[in-house]
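Here are my notes on the model you sent. They are set out as numbered points.

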Amino acid sequence: MNNSKLKKQQTLSILKPDAVSKRKIGQILSRFEDAGLKIIAARLLQLSKKEAEQFYSIHNNRVFFNDLVNFMISGPIFVQVLEGFDAIQKNRDLMGDTDPKKAIPGSIRFDFSDSIEANAVHGSDSLETAKFEISFFFPEINIYNS
């Protein structure tokens, strides 16, 4: 692919409590790096209920909101900022379909998810969303810019 036509982007990626508890952090991070994405910020943390509600506020009217919040506070998460050419789409392709039963073999969700609820990873879906999500977890001073 000709990278000269693609723009370098940053995107947020979360390894959810199920992936962290199954000790899959290293295996999943290697997929990002092998695909040409660079990890420029990372941290392991436990979300409070208030933080999870704020982060997922876009879904607060959806039927699954409370289950999502409860799942995201059920254990530690690993949050990182990925950077690379077309990083948002590349990350979404690596993750696979939200429903692991529909995800393609070799995608993160196909390989590491138990269900549509416990689907191992989260990734920003647009530049606007990425900007909000990155700033939610990482003050600009904590991001390594290459």
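1. Bear in mind that the model is predicted.

2. In volume, the largest pocket comes to about 780 Å³. Two or more lining residues come from each of α4, α5 (87–95), β4 (121–123) and α7 (127–137). With four residues, α7 contributes the most.

3. Of the 26 lining residues, those nearest the centre of the pocket are Tyr56, His59, Phe64, Leu68 and His122.

4. Leu68 deserves a separate entry. This residue sits in helix α4 (residues 65–72). Is Leu68 buried or exposed? Its relative accessible area is 13%, and buried means under 20%, so Leu68 is buried. Leaving aside residues up to four places away in sequence, Leu68 touches Tyr56 and His59. Phe85, by contrast, is 17 residues from Leu68 in sequence and 30 Å from it in space, C-alpha to C-alpha.

5. Which residues of α7 are buried? They are Ala130, Glu133, Ile134 and Phe137. Viewed down the axis of α7, these buried residues fall within an arc of 100°, so they line one face of the helix.

6. On the face of α7 turned away from the buried side are the exposed residues Glu128 and Lys131. The cover over the buried residues of α7 includes β1 (8–15), β2 (38–45), α3 (49–55), β3 (77–85), α5 and β4.

Conventions:
Residues are numbered from 1 along each chain as its sequence is written. This is a predicted model: local features need pLDDT of at least 70, side-chain atom pairs count only at pLDDT 80 or more; totals for chains, interfaces and linings use all residues. Side-chain values use heavy atoms; hydrogens and water are left out. Buried means under 20% relative accessible area, exposed over 50%, partly exposed in between (1.4 Å probe, protein chains only). Contact means heavy atoms within 4.5 Å. On a 1 Å grid over the protein atoms alone, a cavity is a set of points where a 1.4 Å probe fits but cannot get out, and a pocket is an open set with protein on both sides within 12 Å along at least five of seven lines; lining residues have an atom within 4 Å of a point. Grid points are joined across faces, edges and corners, and a volume is the space filled by probe spheres set on the points. The arc is that of the directions from the helix axis to the C-beta atoms.
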